[in-house]
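Q: I would like a close look at a single part of this model, please. Take me through it piece by piece, and give the cut-offs behind each term as you go.

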Amino acid sequence: MSLPENYARERRVATLAVQRATIYTQKVFHSLVKGTVSKDDRSPVTIGDFGAQALVIAAIRHNFPDDEVAAEEESSLLRSNPELRDQVWKLVSQVCLPDAEEDSLLGGPLKDENAMLDAIDAGKSTGGNRGRIWALDPIDGTLGFLRGGQYAISLGLIQDGEVVVGVLGCPNLPVDKTARVINSESDREGQNDDGLGAIYSAVAGHGASIRPLARRRGPEEEPIQMREPLSLSVASFCEGVEAAHSSHSQQKAIAERLGIVAPPVRLDSAAKYAVIARGLADIYLRLPRNLSYEENFWDHAAGYLIVKEAGGEVTDAMGRRVDFGKGRTLAANKGIVAAPAGIHGKVLEAVRAVWGS
Ligand SMILES: Nc1ncnc2c1ncn2[C@@H]1O[C@H](COP(=O)(O)O)[C@@H](OP(=O)(O)O)[C@H]1O
Ligand SMILES: [Mg+2]
Ligand SMILES: [Mg+2]
Ligand SMILES: [Mg+2]
C-alpha cells in the first residue's frame, strides 16, 4: 500500500481560505453586531454567513476548479435584497490576508458583486461517495457568533466518501492550552483578546495541528494530541449550548454513569471538536433530541477528522462509523460521540445504558 497522500496544497489553501473568512466574520462582528443589534435580529449573522461562504468558495474554485463544494447558504436572499447585498459586498471587498503572496494564492479580492453571488451559489453539490467534495459551513454556531462566544468556520475535503482534509477556524478559542474558554461577550471581561483565535487542521494519516489565527508568516504550526485521562473522574465533557440540538439530560446521565464529576463545558459550534482535540476537555456528546433530525455533514466533517487525527475516536451515538458519503446530511447516523480512542468504548457503553433505558 502506498503512503497516504499528504494533501499539502489542499491543507494550505483551506487554511488560508478559512483565515481570510475569519477576518471577515470578525469585521462583521465588530462593525455591526457589537452593541447595535439585538440577539433576535438575524441579519448580521446572515451577513457573516454569506460573505464567509463567498470568500472560501472563491478560493477553492481558484485553486481546485474541478472540485465540488457543498455549503450551507445560497444567494437568493441577497439577490432579492440589494441593501443586504451591498452591506455584504462592502465588507467582502475590503477583506484580504495580511500577506500579499498568500492572498494572491487565494485568487486575490473577489471581482464584483456578481462574482460574490456566483461564488455563494457554487456550494450546491449534493454530496455523495464519489469524487472530491468540499463541505463548508461558513459560520457554524450562529448563536455563539452573536453572543461573542464560540463559532467556527468549518471546511472539510471529502474524497470518495472519506474526510481527507479538515480545517476549523475558531476565532474565539485560545491558542494557549491553559487559557480559559469563553462562550459569551461577558465572559471576556478582564480577559485580554490577544491570545484568541486559532486554526486547527488535519490531514488523514498525517496528524492534526494548531496555529494562531493572526500569525503573519512562517510555519508556527504545532501538532496537537488529545489527553488520555487516567481516570474518568478527572475527565470533562463538552456539549452544545442549545438544548434543542442535543439532550442535556441524557448527556448528564451518561456523564454520571462514567463517574465524571466536572460540570459540562457548554459551547456552540464545531469548536467542541477543537476543544477536545486540544485537550481542553475530553469527550463530546451530541445525543439527538429528535430522532428524525439528520446532522448537516458540514457541521462535522472538519471536526471529525481533527479529533481522529489527534488520537480520538468519533462515531455516532449508536457506535456506528460516521458516513460522510450519504449526501449533504449524515443520513446514516444519529448524533455524535467523540472521545480519546482509549476510552471511547467505555463512553459508548454508558451511552447505550442510558439510551436503552
Ligand atoms: N434540531 C437540531 N439538532 C441538532 N443540530 C441542529 C438542530 N438544528 C440545527 N442544528 C445544527 O446545529 C448547529 C450548531 O451546533 P451547536 O448546537 O453544537 O452549536 C447548527 O449549525 P449553524 O449554526 O451553522 O446553523 C445547525 O446545523
Ligand atoms: Mg452549522
Ligand atoms: Mg452555519
Ligand atoms: Mg445555519
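A: Happy to. The protein chain is divided into domain 1 (8-223) and domain 2 (232-356), with bounds that come from an automatic or database domain assignment. This is a predicted model, in which local features need pLDDT of at least 70 and side-chain atom pairs count only at pLDDT 80 or more, while totals for chains, interfaces and linings use all residues. Residues are numbered from 1 along each chain as its sequence is written, with chains lettered from A and ligands numbered from 1 in the order in which they are written.

Let's start with the boundary. The C-alpha centres of domain 1 and domain 2 are 23 Å apart. Contact here joins 39 residues of domain 1 to 33 residues of domain 2, two residues being in contact if their C-beta atoms, placed from the backbone, lie within 7 Å. On the domain 1 side, the elements giving two or more residues are strands S1 (68-71), S2 (132-140), S3 (152-159), S4 (162-174), S5 (196-203) and S6 (208-212), together with helix H7 (142-147). Helices (H or I, at least four residues) and strands (E, at least two) are DSSP runs, numbered from the N terminus. S4 supplies the largest share of this side, seven residues. The side is made up of 20 nonpolar, 14 polar and five charged residues; Ala, Val, Leu, Ile, Met, Phe, Trp, Tyr, Cys and Pro count as nonpolar, Asp, Glu, Lys and Arg as charged, and the others, Gly among them, as polar.

Now to ligand 1. Because domain 1 and domain 2 both give residues to its shell, ligand 1 lies between them. The shell has 16 residues, the closest being Asp140, Thr142, Gly240, His245 and Asp268; a residue is near a molecule if its C-beta atom, placed from the backbone, lies within 6 Å of it. S2 gives the largest share, three residues. By class, three shell residues are nonpolar, seven polar and six charged.

Glu72 sits in the loop between S1 and helix H3 (76-79) and is partly exposed, having 18 other C-beta atoms within 10 Å. Beyond four places in sequence, Glu72 contacts Asp137, Pro138, Asn296 and Trp298. Asp299 is in the loop between strand S10 (283-286) and helix H10 (301-309), and it counts as buried because 24 C-beta neighbours are inside 10 Å. The cut-offs are 20 or more other C-beta atoms within 10 Å for buried, 12 or fewer for exposed, and in between for partly exposed, with C-beta atoms placed from the backbone. Asp299's contacts, leaving aside neighbours within four places, are Asp137, Asp140, Ser154 and Ala270.

Finally, H10 itself: nine of its nine residues are buried, so this helix is largely enclosed by the rest of the structure. Among the buried residues of H10 are Tyr304, Leu305, Ile306 and Val307. Ala277 touches both Ile306 and Val307. After H10 comes Gly311, whose phi is positive, near 100°.
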